[in-house]
Amino acid sequence: QDINQIADVMRDTTEMDEVREHAGASLGRIGTDYIVDLLEHDLLHTNDYKSRLFCLLGLTVTEHEKANSIILDRLIDENEDGRIRVAACYALGDRKHTDVIPYAIQYINEQFMTEDSFLGSNRAVATLLKFQTPEAMDAIIDWSMMAVADKGRPAIQRERAATYLKDHGDE
């Protein structure tokens, strides 16, 4: 009963986002099979972007082994909302799931998120920085050099890329 009430708070679009976020995270920390199935169901069948994001948050913080495959499915689904794919990429980075590395590299190079490529590339870079593998660091350096040289990019993105080069260009 209490679990369903918490899930209802997470789904309630009239509730404050911070409360909904905490509800999603609380469900994830409980992490039973029932809760993981509930989060997966809502992630797949809810149209509200933020509700789906809070489901991803719950799956990110759970220790349940099924969560990685659910999140990875959202990441690789090309029909998925780009914002959810970015969140899934970042979530798998938080979970230290190495299968995310090639996708994060792909997202940097392809700029799949046309609505907000700045957020998408920053999240992908942040994900790769969590692993520090040679492949990940090479991708960050390559992206940074391209971004700094591209005068058509937003200044803040070029500045961030220059910072990555300064901090990691010698590795």
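**Charges, rings and a nonpolar core**

Q: Hi! Is R83 buried, exposed or partly exposed?
A: R83 has a relative accessible area of 33%, so this residue counts as partly exposed. Keep in mind while we talk that this is a predicted model.

Q: Noted. Which side chain meets R83 in a salt bridge?
A: That would be D81, and the N to O distance for R83 and D81 is 2.7 Å. D81 has 27% relative accessibility and is therefore partly exposed.

Q: And which ring does the charged end of R83 sit over?
A: The ring of Y49, with the charged end of R83 placed 3.9 Å from the ring centre.

Q: Where else does a charged end sit over a ring?
A: Over F131, where the charged end of K96 is 6.0 Å from the ring's centre.

Q: While we're at K96, what is its phi?
A: Phi of K96 is positive, at about 60°, and K96 is not a glycine. Most residues other than glycine have a negative phi.

Q: Where is the place of K96 in the chain?
A: K96 belongs to the loop between α6 and α7, the latter being residues 100–110.

Q: Give me one to look at. Which side chain does R20 meet?
A: R20 meets D48 in a salt bridge, 2.9 Å from N to O. R20 is in helix α2 (residues 17–30) while D48 is in the loop between α3 (33–45) and α4, so this pair ties together parts that lie 28 residues apart in sequence.

Q: Is R20 buried or exposed?
A: R20 is buried, because its relative accessible area is 2%.

Q: Now R52. Where is this one found?
A: R52 is in helix α4, which covers residues 49–61. With 9% relative accessibility, R52 counts as buried.

Q: A buried arginine, then. Which residue forms a salt bridge with R52?
A: E80, and the closest N and O atoms of R52 and E80 are 2.8 Å apart. This pair links distant parts of the chain, 28 residues apart: R52 in helix α4, and E80 in the loop between α5 (66–76) and α6 (82–94). E80 has a relative accessible area of 10%, so E80 is buried.

Q: Which backbone oxygen lies 3.5 Å from a polar atom of the R52 side chain?
A: The backbone oxygen of T46 does.

Q: What does R52 touch, leaving out residues up to four places away in sequence?
A: R52 touches D42, L43, T46, R74, E80, D81 and I84. D81 is also the salt-bridge partner of R83.

Q: Changing topic: how many aromatic pairs does the count come to?
A: One aromatic pair. The rings are those of W143 and Y164, with centres 6.1 Å apart and planes at 55°, so this pair is tilted. W143 is in helix α9 (residues 134–149) and Y164 is in helix α10 (residues 155–168), which puts the two 21 residues apart and links distant parts of the chain.

Q: Is W143 buried or exposed?
A: W143 is buried, at 1% relative accessibility. Y164 counts as buried as well, with 11%.

Q: Last topic, the nonpolar side. How many residues has the largest nonpolar core?
A: The largest nonpolar core has 42 residues, and the ones with the most contacts inside this core are L39, L59, L75 and L128.

Q: Pick L128. Which residues is L128 in contact with, leaving aside neighbours within four places in sequence?
A: The contacts of L128 are I101, A104, I105, I108, A136, A139 and I140.

How values were computed:
Residues are numbered from 1 along each chain as its sequence is written. This is a predicted model: local features need pLDDT of at least 70, side-chain atom pairs count only at pLDDT 80 or more; totals for chains, interfaces and linings use all residues. Side-chain values use heavy atoms; hydrogens and water are left out. Helices (H or I, at least four residues) and strands (E, at least two) are DSSP runs, numbered from the N terminus. Buried means under 20% relative accessible area, exposed over 50%, partly exposed in between (1.4 Å probe, protein chains only). A polar contact is a pair of N or O atoms within 3.5 Å; within protein, one must be able to donate a hydrogen and the other to accept it, and residues adjacent in sequence count only if both atoms are side-chain atoms. Contact means heavy atoms within 4.5 Å. Rings of Phe, Tyr and Trp (its six-membered ring) pair if their centres lie within 6.5 Å; planes under 30 degrees apart count as stacked, over 60 as edge-to-face and the rest as tilted. A charge sits over a ring if NZ of Lys or CZ of Arg is within 6 Å of the ring centre and within 35 degrees of the ring normal. A salt bridge is a side-chain nitrogen of Lys or Arg within 4 Å of a carboxyl oxygen of Asp or Glu. A nonpolar core is a set of buried Ala, Val, Leu, Ile, Met, Phe, Trp, Tyr and Cys residues joined through side-chain atoms within 4.5 Å.
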